[in-house]
Amino acid sequence: MNYIDFFCSTDIHGICLLSVTLRLLLASLIGGIIGLNRSKTQHAAGFRTHILVCTGAALVMMTNQYMVDVMGYSTDPARLGAQVITGVGFLGAGTIIMRGRDDEKRIQGLTTAAGLWASACIGLTIGIGFYGAAVIGGIVLILTVTVLSKVAVNIFKVENTPAAKQYELEHADPSKVNEKKEDCIN
């Protein structure tokens with residue numbers, strides 16, 4: 001591939017300026033939408049973190065595709081993507097913590113960790129040019145972190161459980177968050 005092909009090609013599945021731009025914008029958009037919900041509910045990994053993870057994963061897959069398609073290297077095209085999955089798993093582990101007293105300990109951060117991992121997977125999907133799966137996967141993820149959290153609370157209407165208190169805390173009026181945090185911890 002020469003530089004003219006890179007700048008002038010309209011092949012959105014190959015490596016060219018149009019496909020690189022499309023992939024990075026789509027990764028930023030989907031990662032950002034997922035992260036918006038996490039930021040709104042004041043989680044550790046929010047808007048910017050999800051954009052960075054999704055876009056970074058897309059860059060890794062494009063780099064792998066570039067190495068195979070343009071540079072002619074005979075390497076496994078999924079090798080770098082596998083490293084992203086491992087690395088983001090490590091990053092996600094840092095968001096998981098245990099809180100509460102001995103009699104009411106609960107684990108927090110699992111959904112955040114899973115969301116980071118899933119954002120990375122969407123980024124990998126976008127990075128290799130599998131746009132349809134990435135968009136559908138993004139929609140499923142967004143619905144999972146927004147709609148299904150409400151559905152779960154309505155199905156399991158058990159008051160005064162750590163999960164119910166956590167849900168109330170996440171969806172509370174920001175001016176009352178400190179009061180509710182104290183209730184959850186104590």
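Which residues in α2 meet which residues in α5? From α2 come Arg 23, Leu 26, Ala 27, Ile 30, Ile 34 and Arg 38, and they meet Thr 111, Thr 112, Ser 119, Ile 122, Ile 126 and Gly 127 in α5, where contact means heavy atoms within 4.5 Å. By class, this contact has 6 nonpolar, 4 polar and 2 charged residues; Ala, Val, Leu, Ile, Met, Phe, Trp, Tyr, Cys and Pro count as nonpolar, Asp, Glu, Lys and Arg as charged, and the others, Gly among them, as polar.

A word on the model: it is predicted, with local features needing pLDDT of at least 70 and side-chain atom pairs pLDDT 80 or more, while totals for chains, interfaces and linings use all residues. Residues are numbered from 1 along each chain as its sequence is written, and side-chain values use heavy atoms, leaving out hydrogens and water.

Now to the geometry of the pair. Helix α2 (residues 17–40) and helix α5 (residues 110–127) pack at about 165 degrees, with axes 9 Å apart; axes are lines fitted to C-alpha atoms over the stretch in contact, and angles run from 0 to 180 degrees between N-to-C directions. That makes α2 roughly antiparallel to α5 (angles over 145 degrees). Their crossing is right-handed, the near helix being turned clockwise from the far one by less than a right angle.

Stepping back to the chain, the pattern along the sequence is α-α-α-α-β-β-α-α-α-α, with helices (H or I, at least four residues) and strands (E, at least two) taken as DSSP runs numbered from the N terminus.

| Chain feature | Value |
|---|---|
| Helices | 8 |
| Strands | 2 |
| Buried residues (under 20% relative accessible area, 1.4 Å probe) | 33% of 186 residues |

Notes. Parallel < 35°, antiparallel > 145°, perpendicular 65-115°, else oblique. Buried < 20%, exposed > 50% of the residue type's maximum accessible area, 1.4 Å probe, protein only.
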